[in-house]
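Let's take a walk through this structure together.

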Amino acid sequence: MTDRDRPAGGASAAYPPVTVVVATRDRPGLLERAVRAVLDQDHPGPVECVVVYDHTDIRPLDLPVPDGRTLRYVNNTHSRGLPGGRNTGVDTASHDLIAFCDDDDFWLPGKLRRQVELLAERPDAAAASCGIRLEGPGIAKERRLDVAEVTLADFVEDRIMEVHSSTILIRRSTWDAVGPVDEELPGGYGEDYEWLLRIAAHGPVVIVPEVLVVVDWHGGSFFFGRWAMIVEATRYLLAKHPELAGSRTGLARLHGQIAFALASGRRRREAVRELGRVLRLNPREKRVLVTVPVVLGLLSGERVLRLAQRTGRGV
């Protein structure tokens with residue numbers, strides 16, 4: 001915490017200011033909901049919300065800004081897409097604690113306060129997260145972790161979807177140490193997971209057990225049908241993070257994603273070869289079962305994804 005950020009005293013001394021970055025492609029309604037929830041946090045310290053418009057015109061929101069809250073708008077000065085938007089937001093952030101919220105998600109009132117408290121108790125931690133609730137057509141499901149922290153070894157083993165991008169609170173020192181969100185990742189696919197691998201290599205991600213973030217689970221995805229890009233991005237991730245090879249289970253999961261995308265893109269021979277690799281690594285990898293019907297032409301990749309998302313999972 002810098003001198004400019006240090007409260008003068010009193011109860012707020014334990015609650016330093018926070019900058020919240022909301023990157024958007026200008027989605028009216030959803031964006032207002034996300035920003036209103038940020039401004040309505042019960043965190044006693046100051047909260048700055050920076051809305052980053054991704055190469056679109058800035059449209060100021062008609063929202064009241066309570067005392068102790070600041071709302072600013074900026075244009076994305078980095079590459080187009082979510083990674084560039086988040087990096088732009090951090091570039092302009094005023095405070096040493098930084099949080100992120102996707103424009104289609106929203107926070108419950110105690111989110112920042114609980115995470116700031118936990119991060120203060122854990123100077124060794126690289127970031128704080130919390131439980132999430134998935135809400136969308138046909139689904140209302142809570143997902144929370146029964147652990148106090150998540151380590152790099154955990155992320156190598158599994159993506160751990162409960163550590164969602166909209167839950168993350170970090171110190172600027174962590175951001176400076178691990179670097180910005182990777183704007184070179186093909187299509188921006190899996191940018192949050194790649195960044196979390198670097199964060200967890202710096203220190204554990206500590207977990208507030210309560211559900212404090214609502215994730216919009218609408219059953220669709222920007223990445224539907226972009227199968228070649230998904231293959232390229234996953235291979236990029238494997239090349240950038242050699243530590244992923246340290247877990248046969250984790251490696252099978254990622255190669256299973258490649259196999260599924262190859263099959264969905266009708267590159268069936270390549271998909272079969274990739275499935276062979278998956279089976280050698282981990283015969284129990286679940287993506288084998290969902291990929292085989294796609295290889296055989298019985299189901300499309302889009303159909304399988306939609307079925308999986310109805311249960312609150314991805315593929």
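Why is helix H2 (residues 82–92) largely enclosed by the rest of the structure? Eight of its 11 residues are buried, where buried means under 20% relative accessible area, exposed over 50% and partly exposed in between (1.4 Å probe, protein chains only). Helices (H or I, at least four residues) and strands (E, at least two) are DSSP runs, numbered from the N terminus.

Before going on, a word on the source: this is a predicted model, in which local features need pLDDT of at least 70, side-chain atom pairs count only at pLDDT 80 or more, and totals for chains, interfaces and linings use all residues. Residues are numbered from 1 along each chain as its sequence is written, and side-chain values use heavy atoms, leaving out hydrogens and water.

Back at H2, the buried residues are Pro83, Gly84, Gly85, Arg86, Asn87, Thr88, Gly89 and Val90. They pack against strands S1 (18–24), S2 (47–53), S3 (69–75) and S4 (97–100), and against helices H5 (172–178) and H6 (191–202).

Now look for the largest nonpolar core, which has 55 residues; such a core is a set of buried Ala, Val, Leu, Ile, Met, Phe, Trp, Tyr and Cys residues joined through side-chain atoms within 4.5 Å. Helix H8 (residues 248–264) gives the largest share, nine residues. Among the residues with the most contacts inside this core are Phe100, Ile170 and Trp195. Trp195 touches both Phe100 and Ile170, as well as others including Trp175 and Pro180, with contact meaning heavy atoms within 4.5 Å.

Note on methods
Lists of a residue's contacts leave out its neighbours within four places in sequence.
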